[in-house]
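Please read this note beside the sequence and the model. The points go from the whole chain to single residues.

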Amino acid sequence: MPEFTCERCGSTFSIAPGTLAKYPGWRPRRCMRCRDAGRSTGGAGTAAAAPGGANGDDDPQTGIFTDGSCQGNPGPGGWGAVFVRDGTVVEERNGFEPSTTNNRMEWTAMIAGLEMAPPGEPITVYSDSQLVVRTLNEWAKGWEARGWKRKDGPVMNLDLVQRAWELKQQRPLAKVAWVRGHAASRWNAYADRLATAHLRADERS
């Protein structure tokens, strides 16, 4: 995997190719440990396995965070979702597919996140995919009314879009919101590490 040198501690660290592909031209300057150390901690109740991060509206500490990743597009990919309350992990899920696309992994992560959302509880499910967020918040209702057809072509990944839309309707108190990816969001970075766990497993095998 691509390696970088942390400008703070000088250590070498890796970023999954699928993550880099989402942000062309982005070069991370600090390793995760130093990024976490530079933020305030989540408090005594934070789960031991959770990475550090800042509190505040721009880095929410309660919600469900989802992310998908693909090494090549198409190629092997993974997804991750983590349910957090006040900086403590309640539940997490992740999975891997040997041949898929980045968008399918983003949708699969969102489906897992919505499945974790309690139907009668207000909760926000976050994604760093504008496509996923805008589809569920702006477009899916109209597509459904037109028989799941877009004005300018077919709905891509229709099976996953329909499943996510169905889950969202079953959870009227759940909101779907965009979150800035990785370095800007403690828990999106955590979901990303779940999504890329298969890459680290391959390295150890």
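1. Among contacts in the chain between residues at least 6 apart in sequence, what percentage join residues at least 24 apart? The share is 62%, where contact means heavy atoms within 4.5 Å.

2. A word on the basis of these values: this is a predicted model, in which local features need pLDDT of at least 70 and side-chain atom pairs count only at pLDDT 80 or more, while totals for chains, interfaces and linings use all residues. Residues are numbered from 1 along each chain as its sequence is written, and side-chain values use heavy atoms, with hydrogens and water left out.

3. The chain's secondary structure comes to 7 helices and 9 strands, these being DSSP runs numbered from the N terminus (helices are H or I with at least four residues, strands are E with at least two). Of its 205 residues, 45% count as buried, a term that stands for under 20% relative accessible area, whereas exposed is over 50% and partly exposed is in between (1.4 Å probe, protein chains only). The accessible surface of the chain is about 10200 Å², and 50% of this belongs to carbon and sulfur atoms; such areas come from the Shrake-Rupley method with a 1.4 Å probe.

4. Helix H4 (residues 130-145) packs with helix H5 (residues 158-170) at an angle of about 105°, their axes being 11 Å apart; axes are lines fitted to C-alpha atoms, for helices over the stretch in contact, and angles run from 0 to 180 degrees between N-to-C directions. H4 and H5 are therefore roughly perpendicular to each other, the class for angles of 65 to 115 degrees.

5. On the H4 side of this contact are Thr 135, Leu 136, Asn 137, Ala 140, Lys 141, Trp 143 and Glu 144, which meet Val 161, Ala 164, Trp 165 and Lys 168 in H5. The residues of the contact divide into 6 nonpolar, 2 polar and 3 charged, where Ala, Val, Leu, Ile, Met, Phe, Trp, Tyr, Cys and Pro count as nonpolar, Asp, Glu, Lys and Arg as charged, and the others, Gly among them, as polar.

6. Asn 73 and Pro 74 are joined by a cis peptide bond with omega of about 15°, and Pro 74 is found in the loop between strand E3 (63-70) and strand E4 (75-85).

7. Asp 86, in the loop between E4 and strand E5 (88-100), is not a glycine, although its phi is positive at about 50°. Its relative accessibility is 62%, so Asp 86 counts as exposed.

8. Trp 148, likewise not a glycine, has a positive phi of about 60° and is found in the loop between H4 and strand E7 (149-150). Its relative accessibility is 15%, so Trp 148 counts as buried.

Key:
Parallel < 35°, antiparallel > 145°, perpendicular 65-115°, else oblique.
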